[in-house]
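Visitor: I have not seen this structure before. Please show it to me, and then I will ask about its parts.

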Amino acid sequence: MFNTVVIVGVGLIGGSLGLALRRKYPDIRVIGVSSDAALESALKLGAVTDGYGYDDLGTAVRDADLIVLCTPIFRIQELITLIKPHLRENVVVTDVGSTKRNITHHAARVLPEGVHFIGGHPMTGSEKRGIGATDPFLFQNAIYVLCPNKGVPEGVTGSLSAFLEGIGATILIMDAGLHDHI
């Protein structure tokens, strides 16, 4: 289902996700959107197959099957608004932010019908930062919470779950409000 994955923000989490995806699914296209320096490193490491700067965000996401927003929380909502005009129907958009309620509510208000937003929170990380700290095994045995917005078909959530389980994550599906409360 996910032949073209766009990772916006190729740092520790985004870069590690790219490495894990390329390791498990070597035939998929993984596009990184980040700073020039991060993209150069991500391309050398093999975490992404293509790279775009933030100025070319619209071009990067237009053919995506899955978009993963791997930026600080304050930037995720802004990115959801910025990518909106460039999204095709049935694309799945997710994030890796540690809080979910505000992000999922914003996505529900902004994104058009036919775009599926599933909030995500991988319970993993490192004391190190940036693309240089990436680890293709970062998601192995990590709890990865998914918070699908209302109206997202169960099959779409199931496809994302299976895709992430393929890189070793253990999926928990829950309401965004419950996630933040916990």
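Visitor: Is C147 buried or exposed?
Guide: This is a predicted model, and the answers here are computed from it. A residue counts as buried when its relative accessible area is under 20%. C147 has a relative accessibility of 1%. With that value, C147 counts as buried.

Visitor: What is the relative accessible area of C70?
Guide: The cut-off for a buried residue is under 20%. C70 is classed as buried, and its relative accessible area is 13%.

Visitor: Which residues lie nearest the centre of the largest pocket?
Guide: The largest pocket has a volume of about 370 Å³. Its lining is made by 18 residues. Those nearest the centre of the pocket are I13, C70, T71, P72 and V96.

Visitor: Which element gives the most to the lining of the largest pocket?
Guide: Three elements, α1 (12–24), α4 (73–83) and β6 (116–122), each supply at least two residues of this lining. One of them gives three residues, the most to the lining. That element is α1.

Visitor: How many salt bridges does the structure hold?
Guide: Side chains of opposite charge can pair when their charged atoms come close. The cut-off is 4 Å between a side-chain nitrogen of Lys or Arg and a carboxyl oxygen of Asp or Glu. The number of salt bridges in the structure is five.

Visitor: How many residues apart in sequence are the parts that R29 and D50 tie together?
Guide: The side chains of R29 and D50 meet in a salt bridge, at 2.7 Å from N to O. R29 lies in strand β2 (residues 29–33) and D50 in strand β3 (residues 50–52), so the pair joins parts whose separation in sequence is 21 residues.

Visitor: Are R29 and D50 buried or partly exposed?
Guide: The relative accessible area of R29 is 31%. That of D50 is 26%. R29 is therefore partly exposed, and D50 is also partly exposed.

Visitor: Which helix holds both E40 and K44?
Guide: The side chains of E40 and K44 meet in a salt bridge, at 3.3 Å from N to O. Being four residues apart in their helix, E40 and K44 are separated by about one helical turn. E40 is partly exposed at 46% relative accessibility, while K44 is exposed at 68%. The helix that holds both E40 and K44 is α2 (residues 36–45).

Visitor: Are K100 and D95 buried or exposed?
Guide: The side chains of K100 and D95 meet in a salt bridge, at 2.7 Å from N to O. Both of these residues, K100 and D95, are buried.

Visitor: What is the value of phi for N90?
Guide: N90 is in the loop between α4 and β5 (92–95), and it is partly exposed with a relative accessible area of 44%. Its phi is positive, although N90 is not a glycine. The value is near 75°.

Visitor: Where does N141 lie?
Guide: N141 has a positive phi, near 65°, in a residue other than glycine. N141 counts as exposed, at 66% relative accessibility. It lies in the loop between β6 and β7 (143–148).

Visitor: What distance separates the C-alpha atoms of G51 and I7?
Guide: G51 lies in strand β3 and is partly exposed, with a relative accessible area of 35%. Along the chain, G51 and I7 are 44 residues apart. Their C-alpha atoms are separated by 9.5 Å.

Terms used: Residues are numbered from 1 along each chain as its sequence is written. This is a predicted model: local features need pLDDT of at least 70, side-chain atom pairs count only at pLDDT 80 or more; totals for chains, interfaces and linings use all residues. Side-chain values use heavy atoms; hydrogens and water are left out. Buried means under 20% relative accessible area, exposed over 50%, partly exposed in between (1.4 Å probe, protein chains only). On a 1 Å grid over the protein atoms alone, a cavity is a set of points where a 1.4 Å probe fits but cannot get out, and a pocket is an open set with protein on both sides within 12 Å along at least five of seven lines; lining residues have an atom within 4 Å of a point. Grid points are joined across faces, edges and corners, and a volume is the space filled by probe spheres set on the points.
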